[in-house]
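I opened the model to look up a few local features. My notes are below the display.

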Amino acid sequence: MTYEKDAAAIVAAVGGEDNITSLYHCVTRLRFGLVDRARVDEAAVRAVGAVQAINDSGQQFQVIIGNDVPKVFAAVKETHPGLVAKVNDPNADDADAAGAPAASGGTIRDRFFGFLSKTFPPLLPAIAGAGLIKGLLALAVWLGWMSTETQTYQLLFALGDAFFFFLPVMIAISAARVFQTNVFVAAALSGALVYPNLAALLAAGDPVTFLGLPVTATTYSYTVIPALLAVWALSWVERGLKKVLPAALHLSVVPLVSMLVVGPVTLVALGPLGAIIGDQISGGLNWLLTHGGVFSGILLGAVMSLIIMTGMHAALVPFILGNLATLGNDPFLPLTYVQIFSVAGALFGVAIRARSRQVRATSLSTGFTALMGVSEPGLFGLLLPMRRVFLASMIGGAAGGAIALGFGAKAYALVGNSGLPGLPGLAGPAFGWSVAAIAVSFVGALVAVLVIGFDESPLTRGAAAAGSTGVADPAPAAATGAAVALDGGPVVASPVAGTVVPLAEVGDGAFASGAMGKGVGVLPTDGEVVAPVSGTVVTVFPTKHVVGLKSDEGVEVLVHVGVDTVNLGGRGFTAHVADGDRVSVGDRLLTVDLPAVAATHDTTTVVVVTNATAYAGVEPIAAGTVAAGAGLLAVETLEHALETTR
């Protein structure tokens, strides 16, 4: 499956290339940095087939794709070469990969979590592979299939443990790309922290000094924070040197001075400081997890989805890795499994009880995705809009968390996946309690959904209200020779007088592909643009060539006047409404200087239902010429479709 059309539609919906300052992706999401958040058409983003949901984190606008996000990301770069310079690809291979500096823009909190969210995702494939090896080995030993004394075990353990032993180097490589400093200089500095001779010198017990300054004896293997601090310092020193030294010295002198300055500072101050910070954080969290028992389990199990949504879980990775390195297990990781399975249970509960075929199908697909370890599509796409379902998942999470921390569930490897594929990471003496916690979270959330129930209207966009006022009467369309409207559904009127053009023949690829929604084009004969539905004006673009509306029944309609008319910057357009205004069918929205606009641009006016996936069908009911205010599109509700099939 190719995603070129979806990529074009997403970029258009977030305001175009000129509204994007940065772009990269994590495991499930495209993450956009934007010039103006107000230019984003959320309805158009949601209407794209590849999009599961959206999330606005303040500093970033996140488009949740799911497992195919690398393919969509690649399609965006392929279809929009102008964005390549703005792409912050965490997997870039060049030594000075472009990545948004962690210190740019937003609050300190946003910058901190933004930095963590860019540093750790590139490491996940190696974490998953190496962690699964260690998890499977632990399972084999626990089942008595293998002894730790065999050479086979020791060789396999080396394959699984090497990544974590040299974790400071891996962290440095990823962090250097985010801080926009030289990757290999950063790797060399962090490599010194785990250099065997230095490790032996520090472990010997004798005092170690550098130019008279004491060097604290610390073990840096398996640690995270010391390497992060070292790369942060390197980025400042390197940038400062490049500002004052001529370009001819950048290749040799800058790395030399950087290493001679940052290396000793790290060994004397930053490294020990990072180790102390890591130990204090781990000690505090472990105390809470160990002594909080059932109460901590209920609290953390209930709010884990909120922690995931805000990105705060990224800050816990160093703590988890520290526990696995020093204790051989971690009590927090089982809670991530509890969160995944509570979301999955809630989604399957929706699938059992939902009346809408669309909601049922979506909940099943996202439920299976959650079982495979990716909960965001279901979390953002269904649970958040249906708040009682979100509450049910919190109930399941609280129940599972109580068992996990109350009975000492542990994880023995970080496998990068908390779904079914990641179960080997829990293999060990507490495996039974981990499985019990997972099962309770799944069943608890499912039962809670069935008992509490939910309101489907946020996903069906009010389709059940079909038949109420707020949309155009289909009768005028019939007078123009239109086809018969679909029974029992709302009708969208034509916003302009003119000739109907099939959507596939519109000169804008994002609309012609249907990625922006279902509808038609109308080649106008005059410059009056009127409301196609009765409802609320959601947005009037600053360039006044686009108006988004939501009818009283929940039909979301986008009226886009002309092709590429955004380039006019509003010249030739006069708006008569503003965001939030109430309108009735036929009320004037815009006045267009049609001859002036037509002199440079195609004036075909596109009318699309952007939430068409919430309905059983959206069909044109007018052909040839159509009058402004006459029926143009008929929308069939899901309820009506179900009734007609019974």
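**Basis.** I am working with a predicted model, in which local features need pLDDT of at least 70 and side-chain atom pairs count only at pLDDT 80 or more, while totals for chains, interfaces and linings use all residues. Residues are numbered from 1 along each chain as its sequence is written, and side-chain values use heavy atoms, with hydrogens and water left out.

I looked up the strand order and found an open sheet of eight strands, 15-11-12-13-17-9-8-19, with antiparallel pairing. Strand 15 (582-583) and strand 19 (625-626) are at the edges with a single partner strand each, so one side of each has no neighbour in the sheet. Strands (E, at least two residues) and helices (H or I, at least four) are DSSP runs numbered from the N terminus; two strands pair if DSSP finds at least two bridges between them.

**Strand 13.** I checked its two neighbours. Strand 12 (residues 546-551) runs antiparallel to strand 13 and is joined to it by five bridges, with Lys550 opposite Glu556. The two strands form a hairpin with four residues between them, and Gly554 in the turn has a positive phi of about 100 degrees. Strand 17 (residues 605-609) also pairs with strand 13 in the antiparallel sense, over five bridges. Here His560 has Val606 as its bridge partner, and Leu558 stands opposite Val608.

Is strand 13 buried or exposed? Six of the six residues, 556-561, are buried, so the strand is largely enclosed by the rest of the structure. Buried means under 20% relative accessible area, exposed over 50%, and partly exposed in between (1.4 Å probe, protein chains only). In a regular strand the side chains alternate between the two faces of the sheet. I find Glu556, Leu558 and His560 buried on one side and Val557, Val559 and Val561 buried on the other.

**Helix 7.** I compared the span of helix 7 (residues 167-179) with expectation: its 13 residues should span 18 Å at 1.5 Å a residue, and the end C-alpha atoms are 18 Å apart, which agrees. The expected span is 1.5 Å times one less than the number of residues. Eleven of the 13 residues are buried, so helix 7 is largely enclosed by the rest of the structure; among them are Leu167, Ile171 and Phe179. Gln180 follows the helix with a positive phi near 60 degrees.

**Helix 18.** I looked up Val443, which lies in this helix. Val443 counts as partly exposed, at 46% relative accessibility.
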